[in-house]
Amino acid sequence: MSVYNNDMLSISLISLCLTLCLVLDTTCLLDLNSQQSPTTQSTSFLNQLLLQEQQLRIELQKQITGIQSQIQDLRQHVVSCEQDNRNLQSKYAELSTNLSISANNVVQVAFFVRLRDKITNHHMSTIMVFDDVQLNTGNAYDPHVGTFTAPVEGVYKFDLVLSSNVENGHGEMMHNGVKILDVYADKVNQSFYGRGSGSIIVRMAKGDKVWIQHIDVGNTVINGGIETAFSGHLLFAA
């Protein structure tokens, strides 16, 4: 039953009680004035009022019982919501922990290497061994043989800078024996060294190799120190 109906029932009950009081007062006055028993009509009217009052009480008790039942249902619903909230908080904490663990377990791969000394009169297709290791996170670059080996499948970025003081300062980047990048550092005049650079992004499977090798033979020079460098890093694991 709606709130409006509940209010109307309460008003009816109050009106009935007032009517009962009025009837009783009237009956008492008649009795005192006439010293006679209440008439049959008064008794019948009183009985009707008493019956209506009893019916209203029964209906009111039903509504009270229904409201109490609804309150109990709401309490149970609140308890259920609180439990759901605790479960969600537990799941959130678990997910946060898992994300933290995953972040800590991310594979980190990066290297930056240079030549200690210049290279002269090298043979064609000979691997350039960059033996001055500045950074080698993940130890994927081998400074003894000059090759980078992918520790995980993913997408990698490589950069190469070459410097030369003669006409033939060429290098090529190889991926599993296939050329993927050429860099030319030919000297163009007597006043400046030749310098060339290149970058590439390549997908690699675990165990794939990348290296730099010579192109030209004969009177060739690749400068060492800070003028020649090879670097690379993992962009993201696949």
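Helices (H or I, at least four residues) and strands (E, at least two) are DSSP runs, numbered from the N terminus. This is a predicted model, in which local features need pLDDT of at least 70 and side-chain atom pairs count only at pLDDT 80 or more, while totals for chains, interfaces and linings use all residues. Residues are numbered from 1 along each chain as its sequence is written, and side-chain values use heavy atoms, with hydrogens and water left out.

**View 1. The loop between S7 and S8 holds Asn176.** Here we look at the stretch between strand S7 (170–175) and strand S8 (178–184), where Asn176 sits. Its phi is near 55 degrees, a positive value in a residue other than glycine.

**View 2. Asn139 lies in the loop between S3 and S4.** Asn139 is exposed, with a relative accessible area of 64%.

**View 3. Five strands form an open sheet in the order S3-S1-S12-S6-S9.** The pairing is antiparallel; two strands pair if DSSP finds at least two bridges between them. From one strand to the next, the twist averages 10 degrees, taken between N-to-C directions of axes that are lines fitted to C-alpha atoms, with angles running from 0 to 180 degrees. Within the sheet, strand S6 (residues 154–164) and strand S12 (residues 225–237) pair over eight bridges in the antiparallel sense.

**View 4. Another open sheet of five strands runs S4-S5-S10-S7-S8.** Pairing is antiparallel in this sheet. S4 and S8 are the edge strands, and each pairs on one side only. S7 and strand S10 (residues 209–214) share five bridges in the antiparallel sense. Glu172 stands opposite Gln213 in S10.

**View 5. The largest nonpolar core has 28 residues.** A nonpolar core is a set of buried Ala, Val, Leu, Ile, Met, Phe, Trp, Tyr and Cys residues joined through side-chain atoms within 4.5 Å. Which residues have the most contacts inside it? They are Phe130, Phe148, Tyr156, Phe158, Met173 and Phe230. Two or more residues come from each of strand S1 (110–115), S6, S8, S9, S10 and S12. S6 gives the largest share, four residues.

**View 6. Met173 and its contacts.** Contact means heavy atoms within 4.5 Å. Leaving aside neighbours within four places in sequence, the partners of Met173 include Phe158, Leu160, Ile200, Trp211 and Phe230. Val178, Ile180, Leu181, Val210 and Ile212 are also among them.

**View 7. The whole chain, for orientation.** The chain has two helices and 12 strands. Buried residues make up 31% of its 238 residues. Of the contacts with a separation of 6 or more, 72% join residues 24 or more positions apart.

Definitions and conventions. Buried means under 20% relative accessible area, exposed over 50%, partly exposed in between (1.4 Å probe, protein chains only).
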